[in-house]
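Me: Could you walk me through this one? I'd like to start with the terms and then go on to the pocket and the sheet.

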Amino acid sequence: MSLNPKLRDWHGQRVWLVGAGHGIGAALAQALQQQGAHVALSGRTEAALHAVAAGQERMQVHAMDATVPEDWQRVRDSLLASWGRIDLVVMLAGDYTPLRAWELTPEAAQRMVNVNLLASLYGVAANVPQLMAQQGGGLVLVASVAGWAGMSNGLVYGATKAALNHLAQTLYLDLHPHGVGVYVVNPGFVTTRLTAQNDFAMPALISPQQAADAILRGLARGEFDIHFPKRFTRALKLAAHLPYRLYFWLAHKVTGL
Ligand SMILES: NC(=O)c1ccc[n+]([C@@H]2O[C@H](COP(=O)([O-])OP(=O)(O)OC[C@H]3O[C@@H](n4cnc5c(N)ncnc54)[C@H](OP(=O)(O)O)[C@@H]3O)[C@@H](O)[C@H]2O)c1
């Protein structure tokens with residue numbers, strides 16, 4: 001039995017994507033629109049959102065900064081005024097700077113914690129009361145396999161993504177009994193401007209369109225933990241459960257760091 005409602009028919013569904021101007025969010029917006037959903041696109045760069053929405057039906061643009069709680073409230077109210085309800089909120093806003101332990105600065109820590117973790121908490125706070133009142137709909141947190149186990153370069157980023165997986169579990173326990181779905185997405189490597197900063201060969205690299213398709217497949221199956229590509233994520237899940245002595249050895253060997 002699936003842990004969440006199986007989201008298969010997108011016709012007429014109202015989906016709010018935060019972090020939709022580029023990368024995975026932009027590809028997901030297009031895939032959802034093609035399947036009949038009404039899609040609201042949010043992000044900081046209005047021009048990027050309009051570029052995604054150009055020539056598409058059933059798409060609307062709402063620029064916002066996800067690290068500002070009032071922006072969540074403003075856009076939520078505007079969407080409720082035009083749609084009447086919100087069926088799914090997908091929180092993709094994210095930032096990544098590869099960092100080793102000796103490169104950490106308070107500014108980098110604050111920036112990544114703000115956008116990767118705090119912004120999702122603000123999104124939860126802004127949307128849960130409405131989803132509970134509707135007795136339906138769902139929240140999608142976009143974490144990362146970098147949150148499954150410590151990895152060099154993933155300082156701060158990995159910690160925020162581990163926290164998102166934890167947050168999703170707790171939200172599920174609270175919200176599932178109220179009929180609200182909670183989904184956590186854990187992608188491997190996807191070709192976007194975030195991974196363009198990596199200077200190593202990324203295993204099992206996929207395109208944003210492939211990532212969007214994998215997310216839709218996971219939602220259609222009602223999965224709680226939507227991870228992909230499986231050829232990479234299954235091996236990583238196994239490695240993350242090894243005894244630490246073995247895991248640390250393997251992590252050094254595989255990354256060369
Ligand atoms: N690419 C990967 O391999 C990979 C792997 C695992 C997880 N992820 C996660 O997937 C999500 C999408 O990342 P991506 O790879 O598609 O990167 P991306 O192309 O850089 O997309 C990130 C999106 O977040 C938006 N954003 C950033 N800060 C924001 C803020 N403060 N408020 C509102 N929107 C904000 C960006 O738009 P603006 O800059 O215009 O605001 C952009 O549309 C992230 O959470 C990332 O951590 C990515």
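Reply: First a term: helices, of type H or I and at least four residues long, are DSSP runs numbered from the N terminus, and the model they are taken from here is a predicted one.

Me: Okay, and which helix gives the largest share of the lining of the second largest pocket?

Reply: That is H5, which contributes 3 residues to the lining; helix H5 covers 157–175, and H5 and H7 each supply at least two lining residues.

Me: How much space lies in that pocket, and which residues line it?

Reply: The second largest pocket holds about 170 Å³ of space, and its lining includes Trp148, Asn165, Phe224, Asp225, Lys237 and His241. By class, the lining residues divide into 5 nonpolar, 4 polar and 2 charged.

Me: Switching to the sheet, what is the strand order?

Reply: The sheet is open and has 7 strands, in the order E3-E2-E1-E4-E5-E6-E7, with parallel pairing. Strands E3 (59–63) and E7 (225–228) stand at the edges with a single partner strand each, so one side of each has no neighbour in the sheet. From one strand to the next, the twist averages 15°.

Me: How many bridges join E1 to E4?

Reply: There are 4 bridges between E1 (residues 14–18) and E4 (residues 88–91), which run parallel, and Val18 has Met91 as its bridge partner in E4.

Key: Residues numbered from 1 in each chain as written. Predicted model: local features only at pLDDT ≥ 70, side-chain atom pairs only at ≥ 80, totals over all residues. Heavy atoms only, no water. Pairing = 2+ DSSP bridges. Axes fitted to C-alpha atoms, helices over the stretch in contact; angles between N-to-C directions. 1 Å grid on protein atoms, 1.4 Å probe; cavity = no way out; pocket = protein on both sides within 12 Å on 5 of 7 lines; lining within 4 Å. Points joined across faces, edges and corners; volume = space filled by probe spheres on them. Nonpolar A, V, L, I, M, F, W, Y, C, P; charged D, E, K, R; others polar.
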